[in-house]
Amino acid sequence: MIDSELAMSPASGFEVHGARGRFNAAFFSQMGPYLEWSLRKHKRRVFGELPRQVVELGSGVGANLRYLSAGATLVAIEPNPHMHPPLRAAAERRGVHLELHDRVAERTDLDDHSVDSVISSLVLCSVIDPADVLAEIRRILRPGGTYRFVEHVAAPDGTPTRTLQRMLRRPWAWTFEGCSCERDLERLIRAAGFASVDVEHYRLHTPFVPFNTHIAGTAHA
């Protein structure tokens with residue numbers, strides 16, 4: 001029997017859950033200012049001086065549009081249809097041209113070596129296979145292009161945060177559409193075959209304790 005709340009988007013292959021999809025769109029719309037306040041120091045460093053056209057994986061409701069200049073183009077890879085209306089509205093407010101692709105990050109359908117910059121924030125935690133996503137990023141980046149990321153990761157073993165991440169992994173993943181707090185994303189990024197990778201580790205101090213260990217950086221094709 002098929003869950004009445006589930007539907008498969010034929011274009012993206014993304015399993016859309018009506019309740020969770022709407023919840024996440026509302027959550028990130030409401031929590032956007034708080035998340036931006038927590039992450040802006042790192043985003044400003046990593047997303048500074050972006051080119052006029054940027055591909056973003058998991059654009060959500062448009063939290064990173066503020067880092068593009070007016071008149072720039074965002075190629076948004078966003079499979080959750082409940083994110084699309086606020087994303088379009090945010091792009092219009094910011095004066096950013098939006099090319100919205102209803103696809104998953106593993107299969108962007110963009111041409112080989114056609115992109116100067118790819119960005120993501122809080123996305124590699126929720127994709128099915130981050131190694132496949134990183135391979136797709138390398139495929140579409142031009143030589144010398146950059147992948148810029150702000151992501152949350154597993155805390156070091158033996159720490160209270162790591163214990164909480166293990167304890168809450170199932171309800172956390174269900175609520176946030178597959179989001180995992182237990183991924184060693186730095187290792188995966190470094191193993192993905194980029195020419196060079198620069199990574200900064202930092203910790204947030206928020207009530208969302210499983211979410212508090214982060215990395216930000218740039219990988220060069």
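**View 1. Twelve salt bridges are present in the structure.** A salt bridge here is a side-chain nitrogen of Lys or Arg within 4 Å of a carboxyl oxygen of Asp or Glu. This is a predicted model: local features need pLDDT of at least 70, side-chain atom pairs count only at pLDDT 80 or more, and totals for chains, interfaces and linings use all residues. Residues are numbered from 1 along each chain as its sequence is written, and side-chain values use heavy atoms, with hydrogens and water left out.

**View 2. Glu200 forms a salt bridge with Arg45.** The closest N and O atoms are 2.6 Å apart. The pair links distant parts of the chain, 155 residues apart: Glu200 sits in strand S8, Arg45 in helix H1. Helices (H or I, at least four residues) and strands (E, at least two) are DSSP runs, numbered from the N terminus.

**View 3. Seven strands make an open sheet with mixed pairing.** The order is S5-S4-S3-S6-S7-S9-S8. Two strands pair if DSSP finds at least two bridges between them. S5 (97-101) and S8 (196-203) stand at the edges with a single partner strand each, so one side of each is left without a neighbour in the sheet. Neighbouring strands are turned by 15° against each other on average, direction ignored. Axes are lines fitted to C-alpha atoms, for helices over the stretch in contact; angles run from 0 to 180 degrees between N-to-C directions.

**View 4. Strands S7 (residues 141-152) and S9 (residues 213-220) pair in the antiparallel sense.** Seven bridges join the two strands. Glu151 has Ile215 in S9 as its bridge partner.

**View 5. Helix H2 (residues 84-94) packs on the sheet.** H2 touches strand S4 (73-77) and S5; contact means heavy atoms within 4.5 Å. The direction of H2 makes about 160° with that of S5.

**View 6. The largest pocket holds about 1,100 Å³ of space.** A pocket is an open set of points on a 1 Å grid over the protein atoms alone, where a 1.4 Å probe fits, with protein on both sides within 12 Å along at least five of seven lines; lining residues have an atom within 4 Å of a point. Volume is the space filled by probe spheres set on the points. Of 48 lining residues, Leu122, Val123, Ser126, Phe176 and Glu177 lie nearest the centre. H1 gives the largest share, ten residues.

**View 7. The second largest pocket has a volume of about 280 Å³.** Its lining has 15 residues; Val61, Gly62, Ala63, Arg66 and Arg93 are the closest to its centre. H1 and H2 each give two or more residues to this lining.
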